[in-house]
Amino acid sequence: MDHIKAFFSSHEEWLVERILAYAKRQGYAEYMGELREVWRISIARFSDALSEAGNTFREADLKFTPDEMFIDDPISVFVINEFRLQRERGLSLSTLLGLLKYYRKTYLDCILELAEKTDKEQYCPLVDHFFDRLEIALCVDWTRSSDPDRLAELQARNRAMSDEKNKFLALFESLTTPVFLLDYDFNIEIMNLSAAEFLGLADEQGELYHIQRKPSGKPVEKRPLRDIVPWLAEALNQSCSIESGQEDCRFDVSAPTALGSRHFNVSISNMSEISDTFVGYAVTLDEITFRVEMEKQLASERNRATHYLDIVGSIVVVLDASGLITLINRTGCLTLGYDEHELIGQNWIDLIIPNELGDEVCDYLSQIVSSQVEVDDEHVNYVTTKDGTHRLISWKNRLLTNAEGIPTGVLSAGMDVTEQREAEAALAEKELWLRNTFVALGEAVLILTPDRRILDVNPAAEVMFQMTNEEFDSLPVEALHIDSDHYHEFGKRSQAAFAVGETAVFEFFLRRKDGEVFPTEHSVSLILGDDGEPLGIVSVIRDISDRKKAEQELKQSEEKFRRIFETIREGYIVTDLDGIILMVNPATCLQLGYKESDLVGVDMERLYSNTTERTSFKSIIISKGSVRGFQLTALCKDGSTIIVEANAHLVLNESGIPVAMEGTFRDITERIEADKIFREREKLYRAFFENNHAIMLLVDPKTGDIVDANPAASMFYGYSCDKMRTMLISDITAQTEEEIYREMVSAKQEKRVYFILRHKLASGETRDVEVYSGPILVQGNQLLYSVIHDVTERIRLEREMKQLATIDTLTGANNRHQFFSLAVQEFNRAKRYGHPLVVLMLDIDYFKSINDTHGHQAGDVVLRALSAMAQVSLREMDVFGRIGGEEFAAALPETDLEAGLQAADRLRDELAKLKVQTKEADVSFTVSIGVTLVRAEDQNIEETIHRADEALYKAKKMGRNRVEKG
């Protein structure tokens with residue numbers, strides 16, 4: 001009956017709980033004990049016997065006959081063997097039969113409460129029959145045994161129990177740890193020899209035990225623990241409160257003894273569930289005096305070491321083999337901005353090291369633990385403080401090992417070199433700046449030793465003296481002077497200035513390599529050391545040949561101005577504020593027919609034909625400060641008149657106060673007549689404009705209106721001339737104002753007289769045009785006259801030529817020169833604005849084998865396929881180019897390191913899935929990619945690309961077809 005066995009096995013815990021409950025309630029636990037494991041074993045045996053009975057007896061066999069012996073079937077054998085042990089322990093037949101009644105009730109309860117209905121009808125008769133046979137078999141076996149037999153069994157059992165007791169007593173007495181057995185009132189039931197020796201009560205094993213048992217059989221009076229060991233009783237009352245069912249309690253205590261103050265670890269255990277024959281507590285004393293003293297000494301040493309570590313100026317940190325912080329000194333906490341408890345137990349890499357350096361530092365620490373690097377080598381890396389700032393630390397590391405030499409961690413001592421490195425960088429930058437300034441200065445600079453030999457010169461000096469730097473090296477500066485007398489005079493002037501602590505500034509003549517003597521302006525300074533001793537001389541030399549020449553030319557210019565003043569054809573007049581003439585030039589006298597003496601001191605009113613014009617002219621000058629192009633009618637000496645165009649302005653003194661008026665005029669009588677002729681000629685222009693085959697437009701520059709368009713323009717743009725005269729120039733322009741402005745600036749820089757623009761036709765087509773424009777006066781209006789040529793085909797050819805110069809002809813990617821040109825622009829932009837920039841380096845894995853296996857044409861197809869896929873996978877703003885052979889590079893603006901790694905891995909995956917069709921076969925390939933982020937310390941794009949290249953090498957070394965960061 002396997003199913004009945006499975007049923008009782010699955011409810012074993014339930015059966016144990018129920019039989020133990022009956023045993024406690026009915027008093028059987030007093031004889032059998034309360035240990036669950038004992039009852040569990042008993043239930044398991046009953047369940048096995050019950051299952052075997054189910055297999056032995058069929059339903060028809062569940063009956064009893066007069067001749068049955070009840071001693072040889074499995075049930076009888078089970079109960080005889082099971083309860084014979086209990087009989088040996090002294091239990092009576094009535095006790096055992098009563099216990100069987102509660103076993104029967106336990107199993108029937110389980111069936112009635114937990115079994116299915118159909119199983120109940122089958123299980124209950126079997127259980128009743130099983131226990132009926134057990135009771136009969138028990139009684140039969142009991143009656144067959146005589147009193148002497150049972151007595152002999154009890155004596156044998158007692159001897160076995162005595163032997164067992166003596167074994168446990170010997171073990172109890174042999175314990176080196178003092179042990180007290182107490183009742184629940186803390187009275188001493190018994191103690192072992194170690195406890196007795198501790199109290200000075202006994203000297204031999206078992207002595208105290210037997211003294212406590214009097215011959216009369218009466219129990220010895222219990223002694224309170226507080227009378228024998230008062231300090232222990234007090235400690236137990238204060239430190240532990242163990243009740244029935246609770247766990248053990250342990251604590252440390254200090255106590256006075258005959259040997260002085262000692263330290264103990266006290267353990268008190270509840271013994272009520274072990275045996276009902278003894279209930280109470282077991283108390284053990286472990287002396288820990290040596291351990292406590294060692295801990296105090298260790299704590300003292302640790303405090304001393306911690307004090308030493310805290311006063312040193314270096315960061316000291318100890319990491320275990322997994323990178324967890326086990327110790328850090330006060331300097332480390334202050335530098336990192338954390339309290340000690342915030343750091344101990346934390347992972348150094350995760351908490352302190354910047355993300356982009358995590359792998360690098362982790363690898364370095366691993367190499368220290370595995371003894372792959374020299375620990376004396378200095379290692380420098382950034383750390384992140386609690387407030388998020390980065391500090392640069394220089395580390396010295398030591399490998400920590402245990403007694404067996406096994407690595408247990410790393411001891412690191414670090415110095416914060418952030419400010420030092422910043423100062424060094426600033427100094428280097430300053431030195432670089434000074435050197436660049438020295439090199440870039442337009443003035444010649446000579447650095448001289450104290451004995452006046454040339455130590456260094458800048459390029460301007462090489463140009464000035466027509467000598468190389470090598471020729472200057474250690475040359476006496478006297479060689480640059482005209483002769484010895486000039487050189488001594490030079491030294492005399494310099495020393496005179498040095499003597500009073502000033503810089504010597506004076507003009508002097510020097511000689512070039514070809515012997516040419518030229519004037520110079522000198523600024524000579526003495527270089528002093530910290531001790532005040534001269535270190536050298538700085539001589540700054542300016543070639544003033546041009547200035548001397550200019551001074552001469554200015555003198556000649558003044559004479560020339562005087563000649564111009566006297567010879568210009570325009571009249572020139574200066575008057576005071578009242579209009580009295582102060583000065584006139586000869587042209588004034590010539591045009592008006594006067595002598596100079598006739599005009600100086602005379603009122604200007606004499607020269608006006610119309611006084612109203614004079615009043616208007618003068619009021620404009622006074623109100624606006626100047627007037628240009630004002631037409632007047634002037635009265636000549638002979639009474640005739642001429643029409644003049646005058647320009648005039650106020651003359652101000654140094655304080656900005658008007659003191660006079662001056663102006664020029666010219667006779668435009670003939671021009672007025674010429675204007676009439678011009679209008680006639682305008683008719684001729686119209687005929688030229690209309691019939692010219694070149695595209696021509698007239699545009700009002702102020703409004704952008706197309707004022708006129710010739711038939712050639714109408715034919716080109718696809719609009720009628722009348723329609724174009726209603727349009728704006730912006731209607732045919734295919735560019736933004738910003739693009740047009742950039743083209744105008746470009747034309748000016750390139751000194752071109754034409755612009756390259758894009759115009760759109762009525763059909764929607766755009767054409768590249770070359771526009772020649774210039775101002776033209778038409779009917780008194782200033783217009784813009786433009787001649788336009790269609791250069792679409794020429795521009796297309798130029799673009800193709802430019803593309804050939806910048807694009808790799810095989811792959812269509814940027815060639816090496818163009819990639820570096822664009823990458824430098826992105827690098828400078830990223831550094832200027834502090835934006836992220838990621839650089840990738842790609843290389844085809846085993847590319848040589850592709851060429852060797854499939855041929856170089858197949859290799860070319862693979863290179864083109866890689867380039868095409870990369871340009872699809874990357875963004876339009878990303879810069880991609882072929883660096884050489886099978887190596888490519890990419891610059892990803894506005895991309896942080898994490899996004900760059902994702903983009904690189906996406907490209908790697910897409911290329912790995914790509915199958916390239918060649919004439920021979922379909923070719924698959926993989927790439928290795930190195931990725932890095934532009935860092936603040938990078939000086940140029942080459943440094944960043946070099947780091948990406950190192951990461952690419954790492955990817956190759958670690959198995960290819962992977963992405964590594966650098």
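Select Val317, Leu319, Trp348, Ile353, Val361, Tyr364, Leu365, His379, Asn381, Trp395, Asn397 and Ser412: these residues line the second largest cavity. A cavity is a set of points on a 1 Å grid over the protein atoms alone where a 1.4 Å probe fits but cannot get out, and lining residues have an atom within 4 Å of a point. The model is predicted, with local features needing pLDDT of at least 70 and side-chain atom pairs pLDDT 80 or more, while totals for chains, interfaces and linings use all residues. Residues are numbered from 1 along each chain as its sequence is written, and side-chain values use heavy atoms, without hydrogens and water.

Colour β7 (315-320), α17 (358-369), β9 (379-384) and β10 (390-401), which each give two or more residues to this lining. Helix α17 has the largest share, three residues. The volume of the second largest cavity is about 100 Å³.

Next, go to the largest cavity, with about 390 Å³ of space. Select Ile573, Met604, Tyr608, Phe617 and Leu632, the closest to its centre among 23 lining residues. Then show β21 (658-667), one of the elements that supply at least two lining residues; β21 gives the most, five.

Last, select Glu887 in strand β29 (residues 887-893). Is Glu887 buried or exposed? Glu887 is buried, that is, under 20% relative accessible area with a 1.4 Å probe, protein chains only. Glu887 has no salt bridge, defined as a side-chain nitrogen of Lys or Arg within 4 Å of a carboxyl oxygen of Asp or Glu. The nearest side chain of opposite charge, Arg816, is 5.8 Å away.

Methods: Helices (H or I, at least four residues) and strands (E, at least two) are DSSP runs, numbered from the N terminus. Buried means under 20% relative accessible area, exposed over 50%, partly exposed in between (1.4 Å probe, protein chains only). Lys and Arg count as positive and Asp and Glu as negative; His and the chain ends are not counted. On a 1 Å grid over the protein atoms alone, a cavity is a set of points where a 1.4 Å probe fits but cannot get out, and a pocket is an open set with protein on both sides within 12 Å along at least five of seven lines; lining residues have an atom within 4 Å of a point. Grid points are joined across faces, edges and corners, and a volume is the space filled by probe spheres set on the points.
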